[in-house]
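Work through the exercises below with the model open. Try each task before reading its solution.

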Amino acid sequence: MEVGEQRETPSVIDRYFTRWYKTDLKGKPCEDHCILQHSNRICVITLAESHPILRKEKKIQSINYQISAGCSRLQNKVSGKSKRGGQFLTELAPLCRITSTDGEEYTIFSCIRGRLLEVNEDILTRPNLLLEKPSTEGYIAVILPKFEESKSITEGLLSRAEYEDVVLKRAGVNVEPC
């Protein structure tokens, strides 16, 4: 290192979380999600950099955690050390729906099996957090996988390098980018 050159310190996300990716969810091109997995097995669901909302810098009209008439992720109540009462989610359980001002609607999925610990209510009143800070304050939800499944939850997910390969291949193959 030369004199006066500063070493960039890795962010908290880069230091303590492993990034995993799920691409083209439910067959929808480029609707990619990022799962930040902490060493304590907690997973934070966010939008991947290649998701149309981030890549096209879409303006967000609304975010809705009401999945169906009888199911709202906002009604999730967790208590105690073992996080009892949290809604159990499968890999393709919808977490929320995001509508952009151009009328496009995007469903965000859990991507992993586990118990829903919390949803980010801050993005309901400040939707720009999704665009400005997608990996931190603009996260979608926090999920805790079952202990016995915590090692296998990354099966079917892409590592950072594999994800970057998918994004590069898309750019090279597609006439019209996602």
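**Exercise 1: a bridge and its sheet**

Task: find the bridge partner of tryptophan 20 in S2.

Solution. The partner is isoleucine 35. Next, take the strands: S1 and S2 (residues 33-38) pair in the antiparallel sense over six bridges. Strands count as paired if DSSP finds at least two bridges between them. Strands (E, at least two residues) and helices (H or I, at least four) are DSSP runs, numbered from the N terminus. Now widen the view: the open sheet has six strands, ordered S1-S2-S3-S11-S10-S7, with antiparallel pairing. S1 (17-22) and S7 (88-89) each have a single partner strand, so one side of each lacks a neighbour in the sheet.

The model is predicted: local features need pLDDT of at least 70, side-chain atom pairs need 80 or more, and totals for chains, interfaces and linings use all residues. Residues are numbered from 1 along each chain as its sequence is written, and side-chain values use heavy atoms, without hydrogens and water.

**Exercise 2: accessibility**

Task: is arginine 170 buried or exposed?

Solution. Buried means under 20% relative accessible area, exposed over 50%, partly exposed in between (1.4 Å probe, protein chains only). Arginine 170 has 12%, so it is buried. Aspartate 24, at 30%, is partly exposed.
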